[in-house]
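Welcome to this guided tour. Please open your viewer, have the selection tool at hand, and follow along stop by stop.

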Amino acid sequence: MPQAFNSRNARFIWAAIGALADDAAHCDADTIVRSKSLGLTVDARRLQLPSAPPLQEAFESMAALERGEVANPDEGRQVGHYWLRDPGLAPEEIREEIYSSWAQIDYLTREASARNVTSLLLLGIGGSALGPQLLSEALGPGSRRIAFLDNTDPDGFHMVLSTIEPASTWVLVMSKSGGTVETRNALIETKAHFRSRGVDFASRSLAVTCAGSRLDQMAIKENWRDRLHLWEFVGGRTSWASVVGLLPAALLGMDWRSLLRGAAACDASTRVADAENPATLLVRAWHSLAGRAMVVLPYRDRLQLFGRYLQQLVMESLGKARDVQGTLVNHGLTVYGNKGSTDQHALLQQLLDGPDDYFAVFVAALEGAHDKESKEVETGVTSSDYLLAFLIGTRRALTAAGRRSLTITLQRVDAFHLGVLLALFERAVGLYAALIGVNAYNQPAVESGKRAASRVLALMLNLRDNVTSAASDADQDDVEMLREYLALQQSERKPSLPTHATPQLQACKRNRTESLSSQALCDGSETG
């Protein structure tokens, strides 16, 4: 019975794919790439794409990047995340460091088993959290529980820390710079939680940061269990292939080497400027449909965070005011979406009947880890059958309404194919940025937001101390919101400075114009 049932499932899937191909017969026939070695199909026939723009210079730019030439001119940095999955491409010294990081991951995985670690708590933000979150959800459940603190919200701290048993938990503190304020705040809260339970924090904590950073120095001073180092040439949004993603994946018992193999295989397939390069289809779509949003619709629960991950990768890389020549371009690609079929109920009405200002990207996986266990919900039809039917049906409906879509089909969601998928979009971002002439590897607007937050904190502290002159030059809507917040907080707030405050803390309180990075030092002996 199981064998016949599985054969019927296979017939259903291939019949659906055949019907889909028939539907697309009126669309461009040269805009589909199928790769058996990658287990990947990228089908752009429903986008009605024009001919590809000239891409040779973009490919040459990517080749120079992988050779180690400076690819982030604003910061004078190399961009080396492709080296992480193929160390043979890296300079010899870096190659050995990458291999050493893999050995360190293996060692810590054995240590965690020997010490009966049952759960992990990861402190990080941006790529330092999104990458590990995506890996843990797409490849889970893992052999251990994992929780995340990725904000500076006290409610979030409480909800997560109240579920953590410190005695059996390792804490992974991730900050490339070593001074990320949100992560610093989460670290202070986590240390307090461990102290309240009478558990030594240092022996259960791992620092993931650049060598010599403040976090690195703190870990040395406090004798943390271990330190794993990042490189300046790896940006947060592409750091999943470094210890940022690989360490939690390994500690969760996931096949992180297959993840790297998938990414390396996709890298190799997308280095060549030919019609079989799947990344060029994404580049063609973004170039010809500039100004439209990209709606990401993965039809697997394992990939429900994929849209959020792409928001950072794509929008932080391509959303730039100026190109590399300094010309004002205000370029960007808006990304939103969520999983199918769940969010058809939230999005589909507008996608079909609302403004034609987007293109959809469907992500399918033909094999699910538990599809064979799927129950027959109607005669001859399973829950898994319905999932694929909803994807194909939704795509047909969009096409009938004159709306454009692209489909990425994976053989399955496992470590290898997830690596392929992540690398596909990284390569497309790099090629497209080179094509349009923007720096995909900096984030100046993010830094300006942090500087503005520093000034707001200075204003808040002055208002708290009734220094009314500080409000005269500030935006009054900001002042109103801060005063309302302070009024609500005042009755519950503990004194901001204890009577035994150190001279360093007193000085920090007096200096209302400290930057956030400096404030991280001021906020105390907790952060070292």
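A word for the tour before the first selection: a residue is called buried when its relative accessible area is under 20%, exposed when over 50%, and partly exposed in between, with a 1.4 Å probe and protein chains only. Helices (H or I, at least four residues) and strands (E, at least two) are DSSP runs, numbered from the N terminus.

You are looking at a predicted model, in which local features need pLDDT of at least 70 and side-chain atom pairs count only at pLDDT 80 or more, while totals for chains, interfaces and linings use all residues. Residues are numbered from 1 along each chain as its sequence is written, and side-chain values use heavy atoms, with hydrogens and water left out.

**The whole protein**

Start with everything shown. The protein has 18 helices and 15 strands, and 52% of its 528 residues are buried. Contact here means heavy atoms within 4.5 Å. Of the contacts between residues at least 6 apart in sequence, 73% join residues at least 24 apart.

**Helix 8**

Now select residues 243–251, which form helix 8. How many of its nine residues are buried? The count is nine of nine, and Val243, Pro248 and Leu251 are among them. Step on to Gly253, which follows helix 8 and has a positive phi near 80°.

Next, find the open sheet of five strands, ordered 4-3-5-6-7 with parallel pairing. Strand 4 (145–149) and strand 7 (226–230) are at the edges with a single partner strand each, so one side of each lacks a neighbour in the sheet. From one strand to the next, the twist averages 20°. Two strands count as paired if DSSP finds at least two bridges between them.

Zoom in on strand 3 (residues 119–123) and strand 5 (residues 169–174), which pair in the parallel sense over five bridges. Here Leu123 stands opposite Val173 of strand 5.

Angles run from 0 to 180 degrees between N-to-C directions, and axes are lines fitted to C-alpha atoms, for helices over the stretch in contact. Helix 3 (residues 92–114) lies across strand 5, strand 6 (205–210) and strand 7, at about 150° to strand 7. Helix 6 (residues 181–196) lies across strand 3, strand 4 and strand 5, at about 160° to strand 5.

**A hairpin and its neighbour**

Move to strand 1 (residues 32–35), which pairs with strand 2 in the antiparallel sense over four bridges. Ile32 has Asp43 as its bridge partner in strand 2. Four residues lie between the strands of this hairpin, where Gly39 takes a positive phi near 65°.

Show the side chains of strand 2 (residues 40–43): Leu40 and Val42 point one way, Thr41 and Asp43 the other, and all are buried. Strand 2 also pairs with strand 15 (residues 405–412), antiparallel and over four bridges, with Val42 opposite Ile408.

**Two packed helices**

For the last stop, select helix 4 (residues 127–139) and helix 14 (residues 415–436), which pack at an angle of about 140° with axes 10 Å apart. Angles under 35 degrees count as roughly parallel, over 145 as roughly antiparallel, 65 to 115 as roughly perpendicular and the rest as oblique; helix 4 and helix 14 are therefore oblique to each other.

Which residues meet here? Leu134, Leu135, Ala138 and Leu139 of helix 4 meet Ala415, Leu418 and Leu422 of helix 14.
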